[in-house]
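Here is a friendly tour of a protein chain for you to follow by eye. Please keep the sequence and the 3D view side by side as you read.

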Amino acid sequence: MEDFRRAYLRLCKDAGVEPQESVLVQLQAVAGGTRLDLSGQSLTVESCAVLGRTLQKDTLFTELVLSDCMLSEEGAKLFLNGLCSNTTVRALDLKGNNLRGAGAEALGKLLVRNKTLQRLVLEWNALGMWEEGFSIFCEGLASNGCLTQLDLRNNQINHQGAAELALALKRNSVLQELDLRWNNIGLLGGRSMLDALQQNRTVLQVEMAGNNIPSDILRAIEQSMEHNADRQSALRESRSRTQVLSKEIRNLKEEKGRQFVSLMETIDKQREEMGRSSRNSSMRLGQLQEALHERKSAVNSLTAKLQMTEAALALSEQKVNNLGDLLTRLKLEKTELMDRQSREIKKLQEESVLREGKLLRETNSLSEKNHQLKNKLDESERRCKAQQDQIFELKQELTNSTGELKLRLAQAEERLDMEKRRSKQALEDMDSLRQKEVDHVNRHLEESERALQDRILKLEGQRIQLEEELSRVKAAMVTERAQAEEELGKVRTQVRLEEQQHLSSMEEKLRSARQSRDEAQNHCAQQKQTIAELHARVGQQSIEMDALRRRIDELQQDLTGKEQEKMAEVTRVRVELQEQIGHLQAERTAQSGLKEKIAALEREMKALGASHREALLDKESEISSLLERLRMKEGEIQRMREDEAQRASFLQNAILTYVQGSPLGHYSPKK
């Protein structure tokens, strides 16, 4: 829109004409649309000329409305000349502009030269007043190939103009709607229009009211319009059908062409295959003939060797049977060893589960003991508080009896020293007993682990011996059967290599499982050591708590029995009690830290037990899968043996039949 406005201003400037403000206002009001509405604007000749020039190359507007613009003959001519070369306008409205002869001529030229205009509104004009101009308009309509709607209401068209219009309709094959209401066509014009519409096949709607035409002519015109509508619908149906049929025909042609091409390709392939097969058959015939000659020469040499080979085969069959018996025995021993190993592994798992249960029980008992110690500490604190209250009450008495109790203080100190010595001896005895118990438990665990390791080593030695015996037997079988048939030797060597690889992989897996088991055992031993240390610490703390309780009880007895002696001793005992309370609080914090460590260790034990169980389950599944693979390999070996025996029997039968059929068969010994 802005480009159109700029082009309009530029052309106005080039022509030396001031742009019309009403046109500029309408251009601004459009704001990006495709409809230019200048209805009711009085356009000058200069503005019409500039608009025509701008519309020559315009590609924006598709509909122009210039109704009631009071266009002059010259202005309409210039405007329509500009539209002749336009390629985007589809609808033009020139209603109420009083167009006459020059306007009709310009419209005729527009219809001849323009190839995109589809709707033209010329209501309330005077095109029919000038016969020459209207005839030019009709000629343009006759040669037009794009206009489908034409509105000629109130254009003062008489019967002569209707005759010109009828001639144009006879030649036009595009127009579909025509509006001729409120003109002066009359009877003669109606007849000429009826004649033209009967010949025209494209006009579907004609409005002719208010033209003084008899009703029978109007009815005939309506019937002709109905016929045209029926023809158009039939044409549409026929076109759609023809399109569908043409598509189907094209598809059928394409399919036939494809089928023909595929048939030709298959024929060519068959010819090539026939030629190849004939060549191959000829080559095979020649090879077979050569092979027959070679076999005839070889049979003569094989007849002498048959007896030797039969004896060797009998011996080899006996050896094979013996080796089969040995293999069955070895398989049974293998199964027994595997069962023993699985039983021992299950026993180890059960023992580990029992150990874990014992550890959990011990940890639970330790937690209960800690809880009891906490309760006892609370009771001791309560007693201390009660003693502090008694101390506050006895302060007054202490001030009066300080002098008398000094001698008794020395005696109490000596008694306290004796008690401390006794408590130290008791603590040392308890530590020695605890250490002995721990050593005994560790020795028992080490002995059990050594016994398990000895069993594992024995099993490994048995397995290695069995593997060596198997390798020896296989080597003997391969050497004996290689002398009879080379192909069997190759196959067995391949099978032996695969089995050795499989056994090596099994050994590696067993080693990794043993390493993981040893690591788990080491970790369990470390955890047991830490738990033993924690047990020792807890025992020491319990001993210290018992000693403190004993001291408190003795002090309480001394205070109740000897009130005067207690008053002197309380000052000193108070200081000692405060220090002991500080030590107890520190020990309490240490016990809380130890409890947290014990809980963390319990969690680690649970996680390790779960991981150990999962690893054991994985190893058991791997062992079962490996056993199944061994069974499959043994079945394949058995099948190969049967196939080889069948091949040997077939070869023997074929050789016997050939020898019996040949002239040398009479000289061969009978079995």
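The notes below cover a predicted model, taking its helices, a strand and its cysteines in turn.

## Helix α8

Let's begin with helix α8, which runs over residues 186-199 and contains 14 residues. From its first C-alpha to its last it reaches 20 Å, close to the 20 Å expected at 1.5 Å a residue.

Which residues of α8 are buried? They are G186, G189, G190, S192, M193, L194, A196 and L197.

On the surface you will find a nonpolar patch formed by F260, V261, L263, M264 and I267. Together these residues have about 450 Å² of accessible area. One of them, L263, sits in helix α9, which covers residues 215-400.

An α-helix has 3.6 residues a turn, so residues three or four places apart point the same way.

## Strand β6 and D179

Strand β6 spans residues 177-179, and D179 lies within the strand. Is D179 buried or exposed? D179 counts as buried because its relative accessibility is 10%, under the 20% cut-off. The side chain of D179 is joined to that of R181 by a polar contact of 2.9 Å.

## Cysteines without disulfides

How many disulfides does the structure hold? The count is zero. A disulfide needs two cysteine sulfur atoms within 2.5 Å. For C69, the closest cysteine sulfur is in C48, 7.8 Å away, so the two are too far apart for a bond. For C146, the closest cysteine sulfur belongs to C84, and at 12 Å it is also too far for a bond.

Burial can be checked here too. C69 is buried, with 0% relative accessibility, and C146 counts as buried at 12%.

Conventions: Residues are numbered from 1 along each chain as its sequence is written. This is a predicted model: local features need pLDDT of at least 70, side-chain atom pairs count only at pLDDT 80 or more; totals for chains, interfaces and linings use all residues. Side-chain values use heavy atoms; hydrogens and water are left out. Patches are made of residues with over 30% relative accessible area and no salt bridge: like charges are joined within 9 Å, nonpolar side chains (Val, Leu, Ile, Met, Phe, Trp, Tyr) within 5 Å. Accessible areas come from the Shrake-Rupley method with a 1.4 Å probe; for residues, only the protein chains shown count as cover. A salt bridge is a side-chain nitrogen of Lys or Arg within 4 Å of a carboxyl oxygen of Asp or Glu. Helices (H or I, at least four residues) and strands (E, at least two) are DSSP runs, numbered from the N terminus. The expected span of a helix is 1.5 Å times one less than its number of residues. Buried means under 20% relative accessible area, exposed over 50%, partly exposed in between (1.4 Å probe, protein chains only). A polar contact is a pair of N or O atoms within 3.5 Å; within protein, one must be able to donate a hydrogen and the other to accept it, and residues adjacent in sequence count only if both atoms are side-chain atoms.
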